[in-house]
Amino acid sequence: MSFPYGLVATDLDGTLLRSDGSVSQRTRDALTAAAAAGAAHIVVTGRAVPWTRHVLDDLGYDGLAVCGQGAQVYDAGAHRLLTSVTLDRQLAGVALAKIEAEVGPLHLAASRDGLDGEVLVGPGYAVAGPLPAVPFTDASDLWAAPLSKIYIQHPTLGDDELAEAARQAAGGFVSVAMAGAGIVELLPLGLSKATGLSLAARRLGLKAADSIAFGDMPNDIPMFGWAARGVAMANAHEELKAVADEVTSSNEEDGIAAVLEGLLA
């Protein structure tokens, strides 16, 4: 059986996972067949490791995962963090001040670094889904330990507007990613999913030219720029569809499987 790619990179939410958090049997079978044909599968997610580990364990996934928008390379089989990039807290503080000077007060959350890094959530910040988080009210708590990212929300601005305002105000201090509904993130400058994916691929002896990537949000744009082929889900953000080589069916309709089956045929 011939398969044209040595690496299949998939986002999690809105891509590999259905809305109920499961992966269909058809998609599992397609990924298994791609692996049998010699392709490695790397999960590439915006979620930090603590919000990803249980999903990978449930899937029986034991390969490398790129977490935290590229900040972390995680060995799921060994439950070990291989690389981790943290956010410069001084620069992040400057960035937040510059953004708030333009758009007014923000609701904040933050992911602490590490395998068990807590997600801190401030007043007014709405967490999507049943993900574990620790509330904080004293702003100093936010800066008390190394961070992988800060999440920002605004009382009236939409996600795209907020992400653009953040880039305009603070793009010289942090990278800004829009990763899903209500998820605008401030990251170490220059960091993206492509950064982490290139590190993980190098560990496996694979190159960008060997790769096909699947995603659904603007934070997947750098990954599409790195991979030889980028496939957007039917439910993807229009910005991602605009740069995709192909648009497949939605995450609910086994879009990843549809493409892999075609390549394996």
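Q: Let's start with a helix on a sheet: which strands does helix H3 (residues 89-103) lie across, and at what angle to S9 does H3 run?
A: Some reading rules first: helices (H or I, at least four residues) and strands (E, at least two) are DSSP runs, numbered from the N terminus. Contact means heavy atoms within 4.5 Å. Axes are lines fitted to C-alpha atoms, for helices over the stretch in contact, and angles run from 0 to 180 degrees between N-to-C directions. Here, H3 lies across strand S6 (107-112), S9, S10 and S11, running at about 10° to S9. Helix H5 (residues 159-170) packs on the sheet too, touching S9, S10 and S11, and its direction makes about 175° with that of S10.

Q: Before I go on, what kind of model is this?
A: It's a predicted model, where local features need pLDDT of at least 70 and side-chain atom pairs count only at pLDDT 80 or more, while totals for chains, interfaces and linings use all residues. Residues are numbered from 1 along each chain as its sequence is written, and side-chain values use heavy atoms, with hydrogens and water left out.

Q: How do I read the order of the 6 strands in the open sheet that includes S9?
A: Strands of a sheet pair through backbone hydrogen bonds, either parallel or antiparallel. Two strands count as paired if DSSP finds at least two bridges between them. In this sheet the order is S8-S7-S6-S9-S11-S10, and the pairing is mixed. Strand S8 (134-135) and S10 have a single partner strand each, so one side of each has no neighbour in the sheet. At the S8 end, strand S7 (residues 119-121) pairs with S8 in the parallel sense over 2 bridges; in S8, valine 134 is the bridge partner of leucine 120.

Q: And what is the order of the open sheet of 8 strands?
A: Read along S5-S4-S3-S2-S1-S12-S13-S14, again with mixed pairing. The edges are strand S5 (80-84) and strand S14 (246-247), each with a single partner, so one side of each is left without a neighbour in the sheet. Helix H6 (residues 193-203) lies across strand S1 (7-10), strand S2 (40-44), strand S3 (64-67), strand S4 (72-75) and S5, at about 160° to S3.

Q: What lines the largest pocket, and which residues lie nearest its centre?
A: Rolling a probe the size of a water molecule over the atoms shows where empty space is left. On a 1 Å grid over the protein atoms alone, a cavity is a set of points where a 1.4 Å probe fits but cannot get out, and a pocket is an open set with protein on both sides within 12 Å along at least five of seven lines; lining residues have an atom within 4 Å of a point. Here 32 residues line the pocket, with Asp13, Arg47, Ala128, Leu131 and Ile183 nearest its centre. S9 gives the largest share of the lining, 3 residues.
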